[in-house]
Amino acid sequence: MPDLIDRAKEMEMRQRQAALDNALQTTEPPQDIQDGVVICIGCTTPIEIDRLNAKPNAARCIQCQTIEERRHGR
Ligand SMILES: [Zn+2]
């Protein structure tokens, strides 16, 4: 029954991909700090200095933070 085996393989691959996606979404990479510049983990552009002054541990720029908050329904 090659069809069944193919289907099982495909399902396994999808589950692995889903688990990977999940892991990538939940584990945030460490902040990339160079010369006092913090790189946004969302779009990899430097976070505005005003934002860092207001929130020194910010991991995202204001645009990405807004998107993230909307995604969580806030
Ligand atoms: Zn960003």
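Here are some quick notes on the model above.

1. Ground rules: this is a predicted model, where local features need pLDDT of at least 70, side-chain atom pairs count only at pLDDT 80 or more, and totals for chains, interfaces and linings use all residues. Residues are numbered from 1 along each chain as its sequence is written.

2. Confidence: pLDDT (the predictor's confidence in each residue, from 0 to 100) averages 84 over the protein chain, and 85% of the residues score at least 70. Helix H3 (residues 62-71) has the highest mean, 94, and strand E1 (residues 33-34) the lowest, 52. Where pLDDT is low, the predicted coordinates should not be read in detail.

3. Layout: the protein chain has 3 helices and 2 strands, in the order α-β-β-α-α from the N terminus. Helices (H or I, at least four residues) and strands (E, at least two) are DSSP runs, numbered from the N terminus.

4. Burial: of the 74 residues in the protein chain, 7% are buried. That takes 20 or more other C-beta atoms within 10 Å of a residue's own; 12 or fewer is exposed, in between is partly exposed, and C-beta atoms are placed from the backbone.

5. One to look at: Thr-44 sits in the loop between strand E2 (37-38) and helix H2 (49-54). Thr-44 is not a glycine, yet its phi is positive, about 60°. Thr-44 counts as exposed because it has 10 C-beta neighbours inside 10 Å.
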